[in-house]
Amino acid sequence: MLLAAVCIAPAVADDVGGITMPGTSNFDLILSDGMTKFFKFEGGGLNALHVTTDPESEPYGQVTTTEEQSGVFYLSETGGRGFFDDMILMVAVNGVIPDDFALHIRASGYRWTPTPVLNMPPTADQIEYVDGAYEGTITKDNFKYSPQTWKPAGNNLPGAYPIYYGQDVSDGSNPFHTVYIDLNVGNIGKNSQIDGLKDLGAVKIEYEFENLETFAAFNSYGWCNQSNQGRGISWTNRIVGEGSSGYAVIGTAPQGGDVAQGSGGDSSGTGTSSGLSGSEFATQESGEIKGHVALVTTNGAPVILYGGESATLSLIPPADTGTVKKATLYLFVDGSKQNDRGIEPALTVTINGRSVSPDRTATDREGGKDAPVTATYAFDMDRLPEGGVSVEVRNTGTPGAVCTLDGGALLVVREDQALPEVLWQVVEGCDAVAIDGDAGVYEEDAVTKMVFDERLDLDHVGAARLYVVGTAPQAWIDGVARVGLNDQEWPGAFGRNVSVLRADLDAARSLLPRENIVAVRAQKNAGDGGVLVNRLAVLVATRGTPVSADAGAESGSVPMMTKAFLIDNPVVSRVSVTLPEQRSPFLVTVEDAETAGGAPPEGEVYRYLKLRLEGANAEPASLALTFRVPSAWIADHGLKAEDVALMRRVSGEWQAFPTVVEEERDGAVEFTAQVDRISLFVIGGKAGNSAVVSETTAVPATTAPQQSPVGLVVPLLAGLIALFIRRG
């Protein structure tokens with residue numbers, strides 16, 4: 001699937017989010033406050049939760065679409081278990097989110113301490129109705145995830161479950177930004193056998209939008225501590241077929257314009273964004289074959305085409321062996337305008353004398369409103385003509401129309417049984433990026449991310465090449481861009497065939513097993529006379545002996561690696577692990593323990609914790625734990641934050657590890673501690689504990705994914721990928 005296949009600028013050009021949702025089940029869901037809850041959702045889960053405007057007369061809900069910018073609805077429960085310990089509200093906003101956007105949410109409902117007994121609902125004397133359990137304002141900055149067209153729902157239409165009723169999920173031009181709000185209350189249904197509940201136990205949601213210019217949809221998710229599905233989020237409201245329920249709000253367009261349901265803005269790309277912030281492409285196609293993949297680009301000068309004029313390009317396919325299984329021709333056009341107003345190019349294309357239409361077209365603006373339009377055209381070819389490919393391109397625009405034909409590229413996949421097996425992946429699109437300080441677009445904003453999401457068995461990848469193709473003005477000779485893959489970056493990676501840029505990189509040492517992210521960052525200013533347009537990336541992994549294994553054997557040493565994991569635990573939020581490099585995935589789990597199995601340490605004990613490292617091929621060299629202790633607990637025990645430490649028993653004595661006080665927020669103090677091995681730990685405190693380091697300098701560790709910027713912070717992306725694979 002090609003994200004932003006038409007590259008509608010208002011839908012993708014804004015600088016929001018940046019974290020790609022790793023899948024539809026078994027990952028840590030990042031919430032609006034930066035905390036996480038484990039999203040389990042392995043199957044089913046569509047019958048118990050509903051969205052309704054009247055929980056007493058219609059507990060099974062209904063589909064509601066309204067133009068009211070403020071209102072009330074409810075999250076109801078009708079399942080056999082009769083309760084959910086915690087409720088999560090999903091908010092999805094279509095298209096560009098304005099800088100002054102705000103959503104005020106007030107949630108009220110019942111709260112209790114989750115029971116440790118399987119499927120055991122709380123009793124009437126254990127629950128408390130909390131009016132305004134959550135009261136907060138969601139702004140543009142709270143949307144953590146990159147735009148997508150679907151909501152996660154486990155094995156229910158994975159990657160294609162709608163966000164609102166009647167949505168065409170296949171329309172990649174209408175992505176949504178999503179945010180997930182922990183409402184701090186549970187949900188109780190009739191099967192809890194508790195009478196006299198306010199709103200029949202449903203969660204009441206009061207909302208008010210400010211500056212919603214497109215379309216927003218609400219969905220309900222349920223978390224349970226103990227259930228047949230395990231601990232985590234495994235339920236949402238049905239939005240497909242009979243029994244569907246949901247709540248959606250049509251926004252008020254600027255200058256009084258009309259906004260249709262699911263609108264991502266107009267296709268001309270006349271949004272308020274400068275258009276030069278980066279967007280994201282996901283895998284468009286992939287395959288596995290014995291053979292090889294080749295990519296060639298044109299090397300002729302760019303041609304300016306006025307209305308009625310034409311030009312011809314020539315491409316010579318690589319003279320390789322084997323049978324052609326796939327061939328795609330790409331054409332690159334920029335600067336399309338008419339009388340100084342950007343318009344989409346009006347072109348006809350003839351390949352070797354045969355008139356053809358593109359199979360896919362992606363466009364973007366080279367700036368803000370009325371800026372020229374750039375386009376990428378993809379033509380899937382059923383065969384390769386002998387002797388070469390001749391492409392005639394004609395601008396059929398009216399007088400005053402003009403565009404520039406930059407050139408093209410030809411991707412060829414051939415099958416050859418005598419060659420090793422290769423896994424190839426392609427992402428394609430059109431994203432114009434450049435630095436524009438006057439419009440608030442800086443170097444960290446002008447980044448295109450391209451995501452390869454096929455799993456790789458890195459224990460059997462012997463070689464890998466990454467090809468990236470873009471276009472830029474001929475004046476942009478040096479320092480046009482930096483290319484990154486996960487934790488590696490290549491300055492000056494692009495070679496130039498006139499206006500077409502091509503990077504050919506050895507990617508073997510930078511691969512990750514679950515998801516590989518390419519980031520291309522522009523380093524030139526739009527004021528220098530143009531933009532960088534990112535258009536295509538191809539990743540080819542060849543089966544064989546891993547390069548790192550050969551290198552390690554030759555040197556007699558093993559390189560080290562560091563991975564960070566977000567932890568689904570009320571106390572420990574993150575564990576960063578450093579250990580000898582390995583290609584297979586591993587994960588860290590944290591469990592609460594009742595006692596230390598012996599005499600406790602001196603002072604006060606807050607929590608016993610048991611860490612486990614699963615899938616690792618060697619013992620870790622070091623670990624860094626991030627944990628939180630309530631400020632009230634510290635004060636109630638006569639302690640200061642500097643007195644708290646993480647401890648482990650060594651030779652019968654309790655040893656306090658260096659523990660750094662980070663910050664206090666949301667009623668708790670955050671700490672980071674460095675430890676040397678997996679063990680049973682104690683979080684505790686003793687007044688005047690001299691063994692504790694109480695500095696405010698952060699311990700070196702991979703940055704947490706929920707703090708991910710949109711810019712090219714490549715080490716962060718590596719930590720993010722580790723989060724994605726921890727449950728894989």
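At 23% relative accessibility, does Y129 count as buried, partly exposed or exposed? In this predicted model, Y129 counts as partly exposed, because its relative accessibility of 23% lies between the limits of 20% and 50%. Y110, by contrast, counts as buried, because its value of 8% falls under 20%. The two residues form an edge-to-face aromatic pair, with 5.1 Å from centre to centre and 75° between the planes. Y110 belongs to strand 8 (residues 102-111) and Y129 to strand 9 (residues 128-139), so the pair ties together parts that are 19 residues apart in sequence.

Across the whole structure, the search finds 23 aromatic pairs. Ring pairs also join F73, F101, F143, Y207, F209, F218 and Y247 into a cluster.

The largest nonpolar core holds 43 residues, among which V468 and L532 touch the most other members. Two or more residues of this core come from each of strands 28 (421-433), 29 (447-452), 30 (461-471), 31 (481-485), 34 (500-506), 35 (516-522) and 36 (532-543). Beyond its neighbours within four places in sequence, L532 is in contact with residues including V433, W476, L501 and V520. A second, separate core comprises 42 residues, including L75, F101, I138 and F143.

The model contains 6 cavities of 30 Å³ or more. The second largest cavity has a volume of about 70 Å³ and is lined by 14 residues, of which Y164, Y165, G246, Y247 and A248 lie nearest its centre. Strand 4 (63-66), strand 13 (215-224) and strand 15 (246-250) each supply at least two residues of this lining. The lining residues comprise 9 nonpolar, 5 polar and no charged.

Key: Residues are numbered from 1 along each chain as its sequence is written. This is a predicted model: local features need pLDDT of at least 70, side-chain atom pairs count only at pLDDT 80 or more; totals for chains, interfaces and linings use all residues. Side-chain values use heavy atoms; hydrogens and water are left out. On a 1 Å grid over the protein atoms alone, a cavity is a set of points where a 1.4 Å probe fits but cannot get out, and a pocket is an open set with protein on both sides within 12 Å along at least five of seven lines; lining residues have an atom within 4 Å of a point. Grid points are joined across faces, edges and corners, and a volume is the space filled by probe spheres set on the points. Helices (H or I, at least four residues) and strands (E, at least two) are DSSP runs, numbered from the N terminus. Ala, Val, Leu, Ile, Met, Phe, Trp, Tyr, Cys and Pro count as nonpolar, Asp, Glu, Lys and Arg as charged, and the others, Gly among them, as polar. A nonpolar core is a set of buried Ala, Val, Leu, Ile, Met, Phe, Trp, Tyr and Cys residues joined through side-chain atoms within 4.5 Å. Buried means under 20% relative accessible area, exposed over 50%, partly exposed in between (1.4 Å probe, protein chains only). Contact means heavy atoms within 4.5 Å. Rings of Phe, Tyr and Trp (its six-membered ring) pair if their centres lie within 6.5 Å; planes under 30 degrees apart count as stacked, over 60 as edge-to-face and the rest as tilted.
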